[in-house]
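Subject: Structure handover

Hello,

Here is the structure for you to look through. Please open it first, then read the notes below it.

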Amino acid sequence: MATTVGVIFSSINEEDIPELTKVRSTGSVPYGGRYRLVDFALSNMVNSGITTVGMITKNNYQSLMDHIGSGKYWDLARKDGGLILLPPYSDETETLYKNRLEALKGAMAFLRKAKEDFVVLADSDAVYKLDYSKVIEAHIAKNADITMVYHEHELVKSHYYMAFETDKNDKITDIQINPTGKGVKKNYINVMVARTSFLLRLIQDAIQHGYTSFGKDILSPGVKTYNLYAYKFDGYYANICSLESYFKANMALLDKNVRQEIFGDRDVYTKVNDSAPAKFAASAVVKNSLVSDGCVIEGTVENCVLFRGVKIGKGSVVKNCILMTDNIVGDNCKLAYVVSDKNSVIRDKRELAGCEVQPYFINKGSLI
Amino acid sequence: MLRKKECVAMLLAGGQGSRLYALTSNIAKPAVSFGAKYRIIDFPLSNCINSGIDTVGVLTQYQPLVLNEYVGNGQPWDLDRTFGGVHILSPYEAKKDTSWYKGTANAIYQNIRFMKMYDPEYVLILSGDHIYKMDYDKMLAAHKAANADCTIACMQVPMKEASRFGILNTNPDGTIYEFEEKPKQPKSDLASMGIYIFTASKLFKYLEEDDKNPDSEKDFGKNVLPAMLNAGEKMYSYRFEGYWKDVGTISSLWEANMDLLGVVPNFELTDTDRVIHSRSPLAPPAFVEGEVINSIVATGGEIEGKIVNSVIGTNCVIEKGAEVVDSVLMGNITVKAGAKVTYSIVDEDVTICEKAVVGTDKAEAVKVESKTNGITVLGRGITVSKNGKVAAGEIVDKNV
């Protein structure tokens, strides 16, 4: 069996959701009641048999570190390999990395040390379940230099997506860096497989030539010079690239089929927290909602995702909301389409409302 | 540097728990599920770590598989340590005297070498079948302050129930002058909680003497404590105030589960400073669509039916039209459409098929003559067939 090392970009695309990444990196954005976004890429790796993962961080990675710790919850606290944090690395000329290529440059020492034949690169801004070993199988079968995973959907936002065209053998014939136009495209989901040695050569080459963009300078022209192949992922895929998409991706979990696909079959690992089971008072009315450990519900909750330790007071009506860890909603409040970051308190009788495309956002630790 | 631990805890987890009937057919009592996401042993283990005790021997004997697997390396309780931590101590074979544990005192005696590895000043003896939160460190401080040889935790119980317990008769200064095991005519209402702190040297001395005594039943309550008292050792009572429940019977296990319900419950688990740790399962949050009233629900649930006054464990599926009332569902249980579960305790991995009826309304059930006060008990892994019926007070451990 081919051996594989994983690399996760935990801070890429942070500017897309400034509300949520002001205090944390993309990978540690809370999701789905008890998870962080990085859990999905990381669990996919573990469930694909990968036991060495390098995690590239940038700034504000305190909450990410708090979440992943030694990696024990992913069975990645190992003597040999395991989870290795790759904080920003700089020589005299550079400070913080500005793009994916520079980030990879910082991971070169890690990759050189890796004994594994193959490397999987993945971002941490999406919710999906994919067995990367299947991608590697395809990669080997096609004798590819690089295999890029795509998902077919209508373009939501274009500025960092790449889209490609393929021939009937899945060989990539064209890569668009800034795809435009309507219609379903083959959108690159920032999951890539290569031989470790090949990737190292690419990075080395890019440094020598002063390239600045992995997509523009390497992949796009690489269509002609390398064997670039596409791998189609047709499961559930939600990219978190705005508050709106964040809202949608959380609400998607209220669909049984999505829950089944993401959580059934194989576990999604995450940091364990020993909250008591959720408590429903005699006055509680709960419909179509996810309720995490530690919640205490005395009011009415409909179409919501409640994270751990959320309290809903008597007479309050909370609909279509995402309330993160330890939010406290007082008595007789009315909340609709609210996304409230951790540790916020909403006082008695407050009425707050947003709408589906523009949820009302409450900063971490607010008192309203 | 010489490494040692001031206090080592020894947790007696070998009992069969025969009064829990089907719930302990295949697992030891401390491994029985409790409060939707816990197992009974979570309570003493969490109390240890929350009291600063990081070295715990868990003495197992009866059906230890689930318990061993659950305790594992102790990581959920922060008891995975390079020195100390949690250790499963099962009976072992020796050149002579190969034997099972023959009583609580003998179980501890057989593990004297384990305790001595840590050169402790004090040894804390615990039971694996009680639900409570307690700061053992305070008890240890009292033991030290009194310069005691043995301190026994106790609490006030209603006088009419006193004859079920080991009763301490004490002087006003808290010293014990008499220890009576389940007295017919109790002189006091101070019941021993089965929690002892010994000064280690005294414990080793009396255990060794007890082992040589052929008439001894090798029991702490019956033999070791009276022997120490007779020899004039300094024995103190330590008053505990707070929630404490022995869950050795079906009805007390049911009651203790119910004590978790309500916004202000009899036993509060949601406080954050003395958290009860457990091997938390990796399930997503519970999905709730149905009616859930005055109940607690653990993660992984798919709740589309009606739940009233109940404790619902991890990964339970309650289908639309199903009803669960006054019941304890332990984990991985499916209640299919139209089925009704009332006043029951259902063990893990049970499937209750469409329109089955398990148990009867509490008001009716308590009148039924049974070993369980009318509570219906379904054992681990069984299936109740479509339209099946299990009457109030029945204990079932086969498919019906």
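There are zero disulfides over all chains; a disulfide here is a pair of cysteine sulfur atoms within 2.5 Å. In general terms, a disulfide is a covalent bond between the sulfur atoms of two cysteines. A:Cys333 is in no disulfide, and its nearest cysteine sulfur, that of A:Cys321, is 11 Å away. A:Cys333 has a relative accessible area of 0% and is buried. Buried means under 20% relative accessible area, exposed means over 50%, and partly exposed is in between (1.4 Å probe, protein chains only). B:Cys150 is in no disulfide either, with the nearest cysteine sulfur, that of B:Cys154, 11 Å away. B:Cys150 counts as buried at 0% relative accessibility.

This is a predicted model: local features need pLDDT of at least 70, side-chain atom pairs count only at pLDDT 80 or more, and totals for chains, interfaces and linings use all residues. Residues are numbered from 1 along each chain as its sequence is written, chains are lettered from A and ligands numbered from 1 in the order in which they are written, and side-chain values use heavy atoms, leaving out hydrogens and water.

Next, the backbone. Most residues other than glycine have a negative phi. B:Tyr21 is not a glycine, yet has a positive phi of about 50°. B:Tyr21 sits in the chain B loop between β1 (7-12) and β2 (33-34); strands are DSSP runs (E, at least two residues), numbered from the N terminus. With a relative accessible area of 27%, B:Tyr21 is partly exposed.

B:Asp349, also not a glycine, has a positive phi of about 60°.

Regards

Terms used:
Helix = DSSP H or I, 4+ residues; strand = E, 2+ residues; numbered from the N terminus.
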